[in-house]
Amino acid sequence: LSLLRWGTLGNFTKLVNKMVADNTMLRYLNNNQNTKSNPNENFAREFLELFTIGKGPQIGPGDYTHYTEDDIIQAARVFTGFVTNTNRTSIDPETNIPRGTTNLSRHDTGSKTFSTKFQGKTIAGATTAAGVFTEVSNFVDLVFAQPETAKNFCRRLYTYFVHKTITPE
């Protein structure tokens with residue numbers, strides 16, 4: 001809740017970056033269990049489907065309008081290696097809110113290549129704690145570079161504040 005209060009009126013991309021390492025989010029969507037040897041796709045799936053781009057209609061097995069199941073796997077690999085900080089010693093320097101930390105032995109250091117839905121972009125794997133946060137930031141930038149992400153937010157705002165149905169005009 002503290003992170004949402006901090007980011008409510010600010011830059012949404014920045015909020016989403018902070019959300020990845022938030023202690024509460026790590027526990028809530030099991031990303032603290034996401035390791036290179038046992039990837040957990042739960043957070044990656046919710047990140048794409050609920051928090052950012054939205055999946056759109058299914059157009060084939062494992063293929064949605066805006067991303068594929070393989071993109072979820074690659075996103076889960078980006079998000080590996082974060083653990084909750086139970087003693088609350090790791091504080092985000094910008095928000096002053098305790099955040100999770102990176103465990104490099106649990107992080108997938110390989111490059112992550114996304115589908116044509118993301119123009120086949122590759123994000124280089126990180127080998128340092130700072131590099132893991134850069135890798136996440138690069139992925140968030142990739143998702144926010146997709147026009148469909150902005151459209152998804154506009155649709156959600158419209159249906160919440162204006163009307164539950166969006167007409168063609």
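Glu 94 has a relative accessibility of 39% and therefore counts as partly exposed; buried means under 20% relative accessible area, exposed over 50%, and partly exposed in between, with a 1.4 Å probe and protein chains only. The model is predicted: local features need pLDDT of at least 70, side-chain atom pairs count only at pLDDT 80 or more, and totals for chains, interfaces and linings use all residues. Residues are numbered from 1 along each chain as its sequence is written, and side-chain values use heavy atoms, with hydrogens and water left out.

**Salt bridges**

- The structure holds ten salt bridges, a salt bridge being a side-chain nitrogen of Lys or Arg within 4 Å of a carboxyl oxygen of Asp or Glu.
- The side chain of Glu 94 forms a salt bridge with that of Lys 18 at 3.1 Å, N to O. This pair links distant parts of the chain, 76 residues apart, with Glu 94 in the loop between S3 and S4 and Lys 18 in helix H2. Helices (H or I, at least four residues) and strands (E, at least two) are DSSP runs, numbered from the N terminus.
- Lys 18 is buried, because its relative accessible area is 18%.
- Asp 92 also meets Lys 18 in a salt bridge, at 3.1 Å, N to O. Here the partners are 74 residues apart: Asp 92 is in the loop between strand S3 (82–83) and strand S4 (101–102), and Lys 18 is in helix H2 (residues 12–20). Both Asp 92 and Lys 18 are buried.
- A network of salt bridges links Lys 14, Lys 18, Asp 92, Glu 94 and Arg 99.
- A further salt bridge joins the side chains of Lys 117 and Asp 63 at 3.0 Å, N to O. Lys 117 lies in the loop between strand S5 (112–113) and strand S6 (122–123) and Asp 63 in strand S2 (residues 63–64), so the pair ties together parts that are 54 residues apart in sequence.
- Asp 63 is partly exposed, as its relative accessible area is 23%.

**Packing of H5 and H6**

- Helix H5 (residues 69–78) packs against helix H6 (residues 129–144) at an angle of about 150 degrees, with the axes 9 Å apart. Axes are lines fitted to C-alpha atoms, for helices over the stretch in contact, and angles run from 0 to 180 degrees between N-to-C directions.
- H5 and H6 are therefore roughly antiparallel to each other, a term for angles over 145 degrees.
- Ala 75, Arg 77 and Val 78 of H5 meet Glu 135, Val 136 and Phe 139 of H6, where contact means heavy atoms within 4.5 Å.
- The buried residues of H6 include Glu 135, Val 136 and Phe 139.
- The 16 residues of H6 should span 22 Å at 1.5 Å a residue, which agrees with the 23 Å between its end C-alpha atoms; the expected span is 1.5 Å times one less than the number of residues.

**Loop residues**

- Thr 109 is located in the loop between S4 and S5 and, at 42% relative accessibility, counts as partly exposed.
- Not counting residues up to four places away in sequence, Thr 109 touches Gly 125, Ala 126 and Thr 127. Thr 109 and Thr 128 are 19 residues apart in sequence and 9.2 Å apart in space, C-alpha to C-alpha.
- Asn 30 has a positive phi of about 60 degrees although it is not a glycine. Asn 30 is in the loop between helix H3 (23–28) and helix H4 (42–51) and is partly exposed, with a relative accessible area of 24%.
- Gln 119, likewise not a glycine, has a positive phi of about 60 degrees, and its place is in the loop between S5 and S6.

Terms used: Parallel < 35°, antiparallel > 145°, perpendicular 65-115°, else oblique.
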